[in-house]
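I opened the notebook to look up a few local features, one entry at a time. Here is the structure I worked from.

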Amino acid sequence: MTTENDADVIVVGAGPGGSATAYHLARHGVRVLLLEKTEFPREKVCGDGLTPRAVRQLVRMGVDTSTEAGWVRNRGLRVVGGGLRLELDWPDLASFPNYGLVRPRLDFDELLAQRAVVAGAELRTGVDVTAPMFDRAGRVVGVEAEVGPEREPATFRAPLVVAADGVSGRFPLALGLAKRDDRPLGVAVRRYYHCPVKQDDNYLESWLELRRKGSDALLPGYGWIFGLGDGRVNVGLGVLNSSSAFGKTNYRRLLTDWLANTPEEWGIADEANAEGPILGAALPMGFNRVPHYSRGTLLVGDSGGMVNPFNGEGIAYAMESGELAAEVAVQALARPAGVERERALMAYPAELKDRFGGYYRLGGIFVKLIGRPEIMRAATKYGLPHPMLMRFVLKLLANLTDPRDGDAMDRVINAMTKAAPAV
């Protein structure tokens with residue numbers, strides 16, 4: 001007796017990675033069930049800033065990224081540190097657009113989920129996936145869930161499942177896939193403030209040095225201020241596990257201590273201009289959960305620890321891994337279940353490793369270095385005064401190069417990532 005499947009692929013989680021996966025699957029005619037435990041719109045802890053790498057993925061999903069559609073464009077990154085402010089435009093490349101974007105996650109995720117629906121995916125919200133379903137051989141063949149306010153039990157079946165359930169990674173944890181403590185990890189906190197002075201900033205602003213008011217001593221971590229174009233800014237900071245302060249610091253207090261040292265006319269040191277609480281989240285970096293394919297389940301985005309260790313960017317890699325997972329799944333489903341299909345599915349972790357493994361290895365080294373205050377201080381002091389060097393650093397940190405026919409900087413970065421042993 002055969003059991004009818006509810007879909008060809010079940011995607012757990014309708015964040016950027018899950019929605020991108022569902023979109024690209026549906027575009028290829030695959031029956032997709034996209035399950036999201038919350039209801040839209042919903043908040044997510046994020047800087048709300050998107051580099052050209054993320055913009056490319058939005059364009060690939062057919063998203064209108066114009067200002068008329070509610071997006072705030074930016075020209076590049078402003079780096080603040082060592083008494084200097086350096087504005088670096090995004091590189092002009094064939095492989096990526098030359099602009100970044102800002103949009104609050106409050107409606108960003110819903111927008112992407114609706115793109116998946118338009119492509120043909122079925123979206124079910126209020127469905128909390130609690131566990132995988134296994135066949136007798138131990139392969140995942142569906143999910144168990146609780147549905148709606150009454151949390152009624154339900155099951156959904158499919159020959160493939162994509163875990164895109166974010167940093168918590170409950171689904172991969174149920175498969176025995178715990179995070180690796182030898183890979184980089186960050187913690188970020190953010191808050192919205194009313195700040196008309198910086199709402200229409202043409203640059204994402206990154207602070208490499210944070211100080212408490214009236215003190216020259218450096219606070220741990222790095223900070224950001226991103227204008228939202230509606231009178232508000234997203235302000236936050238991140239601390240890496242290579243810092244001695246990691247896990248031993250009140251991060252919310254750290255944020256307010258830094259903001260107290262910002263210019264008075266910005267108004268972000270004033271609690272009266274704050275909107276909502278300070279929220280925090282972990283940043284799982286450098287493939288800190290592997291393998292990315294196991295027993296019928298593919299891990300996408302934060303669920304597979306794919307945040308860039310160099311800059312804390314997660315959305316681009318969630319969407320990119322989602323597109324790749326969809327491409328592999330389409331090829332796998334075209335083959336008979338069994339050895340042939342498994343061979344096709346193993347292409348997913350292999351391609352992820354080839355695409356990002358060397359780069360993330362370099363990122364792990366970078367995280368260890370900047371965790372040492374004396375190295376960070378020297379890098380800021382001697383690096384920022386040299387715009388050519390900083391343009392190279394921008395390309396490296398944002399992972400923005402042309403693979404072919406690039407300039408000398410591209411060739412050096414590409415050679416470095418290929419030479420580095422993949423994580």
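**Entry 1: exposure of P41.** I started with a cut-off: a residue is buried under 20% relative accessible area, exposed over 50%, and partly exposed in between. I kept in mind that this is a predicted model. Then I asked: is P41 buried or exposed? P41 has a relative accessible area of 52%, so P41 counts as exposed. I found P41 in the loop between β2 (32–36) and β3 (49–50).

I also checked a distance from P41. P41 and A337 are 296 residues apart in sequence. In space, their C-alpha atoms are 38 Å apart.

**Entry 2: cis peptide bonds.** I read up on the background first. Most peptide bonds are trans. Then I looked up the bond from F40 to P41, and this peptide bond is cis, with omega near -5°. I noted another cis bond, from V290 to P291. Its omega is near 0°. P291 sits in the loop between β19 and β20.

**Entry 3: positive phi.** Most residues other than glycine have a negative phi. I looked up D48, which is not a glycine but has a positive phi of about 70°. Where does D48 lie? I found D48 in the loop between β2 and β3. D48 has a relative accessible area of 1%, so D48 is buried.

R295 was my next stop. R295 also has a positive phi, near 50°, and R295 is not glycine. I located R295 in the loop between β20 and β21 (297–299). With 34% relative accessibility, R295 counts as partly exposed.

**Entry 4: two buried residues.** I looked up E313 in the loop between β21 and α6. E313 has 9% relative accessibility, so E313 counts as buried. I then checked E313 against M285, 28 residues apart along the chain. Their C-alpha atoms are separated by 9.2 Å.

L283 lies in strand β19. The relative accessibility of L283 is 16%, so L283 counts as buried too. S168 and L283 are 115 residues apart along the chain. I read a separation of 10 Å between their C-alpha atoms.

**Entry 5: aromatic rings.** A pair of aromatic rings is described by the distance of the centres and the angle of the planes. How many aromatic pairs are there? I noted a count of 11 aromatic pairs. One of them joins F287 and Y360. The ring centres are 4.8 Å apart, and the planes make an angle of 75°. I wrote this pair down as edge-to-face.

Where do the two partners come from? F287 is in the loop between β19 (274–284) and β20 (293–294). Y360 is in helix α8 (residues 347–370).

I then looked for a wider group. F287 and Y360 belong to one aromatic cluster with F310, Y317, F356, Y359 and F366.

**Entry 6: arginines over rings.** I checked which charges sit over ring faces. R73 lies over the face of Y99, at 3.8 Å from the ring centre. R103 lies over the face of W71, and here I read 4.7 Å from the ring centre.

**Entry 7: the second largest pocket.** I turned to the second largest pocket, which holds about 660 Å³ of space. Which residues are closest to its centre? Of the 25 lining residues, these are R53, R355, N399, P403 and N414.

Next I sorted the lining by element. Those that give two or more residues are α2 (52–60), α6 (315–333), α8 and α11 (408–419). Helix α8 gives the most, with 6 residues.

Then I sorted the lining by class. I listed 6 nonpolar, 7 polar and 12 charged residues.

Last, I checked the domains. The lining draws at least three residues from domain 1 (9–74 + 100–181 + 286–364). It also draws at least three from domain 3 (373–419).

Technical notes. Residues numbered from 1 in each chain as written. Predicted model: local features only at pLDDT ≥ 70, side-chain atom pairs only at ≥ 80, totals over all residues. Heavy atoms only, no water. Phe/Tyr/Trp six-rings, centres within 6.5 Å; stacked < 30°, edge-to-face > 60°. Helix = DSSP H or I, 4+ residues; strand = E, 2+ residues; numbered from the N terminus. Lys NZ or Arg CZ within 6 Å of the ring centre and 35° of its normal. 1 Å grid on protein atoms, 1.4 Å probe; cavity = no way out; pocket = protein on both sides within 12 Å on 5 of 7 lines; lining within 4 Å. Points joined across faces, edges and corners; volume = space filled by probe spheres on them. Nonpolar A, V, L, I, M, F, W, Y, C, P; charged D, E, K, R; others polar. Domains from an automatic or database assignment. Buried < 20%, exposed > 50% of the residue type's maximum accessible area, 1.4 Å probe, protein only.
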